[in-house]
Amino acid sequence: MKKISVLLAVTALTSVMATSAWSKTLVYCSEGSPEGFDPGIYTAGTTFDASSRTVYSRLVEFKHGSTEVEPGLAESWTVSPDGKEYTFKLRKGVKFQTTDYFTPTRDLNADDVVFSFDRQLKEDSPWAKYVAGGSYEYAAGMGFPKLIKSVDKVDDLTVKFVLNRPEAPFIADLAMDFASILSKEYADKLQADKKMEQMNQQPLGTGPFTFVAYQPDAVIRYKANETYFKGKEKIDDLVFAITPDASVRAQKLKSGECQIMPYPNAADIKDLQTDKSLKVLEQPGLNVSYLAYNTLVAPFDKTEVRKALNMAVDKRAIVDAVFQGSGSVATNPIPPTMWSYNKDIKDDPYNPEEAKKMLEKAGVKNLSMKIWAMPVSRPYMLNARRAAELMQADLAKIGVKAEIVTYDWAQYLKLSSAKDRDGAAILGWTGDNGDPDNFLDTLLGCDAVGGNNRAQWCNKEFDDLVKKAKQTSDIKERTKLYEQAQVVFKREAPWMTIDHSEEFIPMSTKVSGYVQDPVGVHRFDGVDIAE
């Protein structure tokens, strides 16, 4: 089956490239299929790469290679003295893309911004649940429905956000993928035609590339947006060749079938670095990988059980096996390169004998559990199956029987967020905006339970600390609060923190202009390729 699927993908890719024989084409060997093309209802980087970073734009953007915010669709903004009102001036003359399925009749205006946020904030919006089983997980998890009182159109080119309280990372939050701006005119047409689900299948935005076609699990094709407000891109066609196997991605890169690939196997990095036709970018990742216990389900509702399981697993062995020198053992839920990282916290020691005693003391005997292993490579976890196997072997030494389960990526993300999920799930995160809030509140806050908070952990002491930290712009005060929150996290152990990793991006030496992004996305605006 694997050989057949690879052959189909290659055949599809060859067909796509044949239609672009006389244009400048860049092929990206992506690691997986997107869940959809509406960035508002997903949180996975694979989906963002294929949607928000190609098709869409936001009011503000992160500068290439940093978490510094710069103007995007908004050319300027002001903030009221009390920090509760943000007023944005939109660029004049920004065009939405023209596609085979929709031709815009007007430029971007305030109606598009209001629509893009109201659909995520208002439960009575006809777009609130337009995708079966989908929800605006990111907006909900970050508490936006409670935070934002209203999004108001002042005039065609002016939008005002009114908040219920100050929010220190608010501007940076608006540069994140879920805050992409959609066309209200296109949405109205789909609603009138009773084809609303097409918003998630045939995207239309103001970004650098226009969506052309998607062959599920094989190829996504884009073309340069001729009317992009920053100017047409240097490449004419962008192709995502979906290739889940990291070894196959490396083979395609070396043979010239693609020019850029993400997430190489640790064992392949040295070979890729010595290939004279390639170059390999690298940088510390703003990430963490973890095993999330479902704290709502016994016996994982007991702190002492979670701590015992943490002590039973040799995390150093996992990091060495999976990353082979390109990762480090994680202690805290935020990476050590991030401000407010608490260096004083000590990790749970690897101590199987003590772990066994703790389980016995907690009254837990003959424990059977499931370990969920991600089916895709991510920067923070290159091989979840291998990590799960090592956990399984370690847990067996203390009498715990662990079964490894997995699902396709879209199902994995959906099912792992369920409040009644069984067992513990391997997951991870790459920061989206360079702020500790994006880890601590987004992944562990009470608002994110049932969504990004896969541990289903709502701890009032922790939640009060991170919520208070968001309401002050004093960095020293925020740092103090986040340091305290990390102490609570480590004491209560809703996760087994696994690793932080280096990130490597191999590519052809013909590629220029590609910049590694600290927030882990893959952007192709500004990229060129020598013919």
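In this predicted model, helix H3 is largely enclosed by the rest of the structure, because eleven of its twelve residues are buried. The buried set consists of Ala110, Asp112, Val113, Val114, Phe115, Ser116, Phe117, Asp118, Arg119, Gln120 and Leu121. Buried here means a relative accessible area under 20%.

Helix H3 covers residues 110-121 and reaches 16 Å from its first C-alpha to its last, close to the 16 Å expected at 1.5 Å a residue. At the start of H3, the backbone nitrogen of aspartate 111 lies within 2.8 Å of a side-chain oxygen of asparagine 109.

The elements against which the buried residues of H3 pack are listed below.

| Element | Residues |
|---|---|
| Strand S5 | 85-90 |
| Helix H4 | 137-141 |
| Helix H5 | 144-147 |
| Strand S6 | 148-155 |
| Strand S7 | 158-163 |
| Helix H7 | 184-192 |

The C-alpha trace spans about 70 × 55 × 40 Å along its principal axes.

Of the 531 residues in the chain, 60% are buried. Among contacts with a separation of 6 or more, 71% are between residues 24 or more positions apart. The accessible surface of the chain is about 20900 Å², and carbon and sulfur atoms contribute 50% of that area.

Note on methods:
Residues numbered from 1 in each chain as written. Predicted model: local features only at pLDDT ≥ 70, side-chain atom pairs only at ≥ 80, totals over all residues. Heavy atoms only, no water. Helix = DSSP H or I, 4+ residues; strand = E, 2+ residues; numbered from the N terminus. Expected span 1.5 Å × (residues − 1). Buried < 20%, exposed > 50% of the residue type's maximum accessible area, 1.4 Å probe, protein only. Contact = heavy atoms within 4.5 Å. Polar contact = N/O pair within 3.5 Å; in protein donor to acceptor, adjacent residues only side chain to side chain. Areas by Shrake-Rupley, 256 points an atom, 1.4 Å probe, with all protein chains shown as cover.
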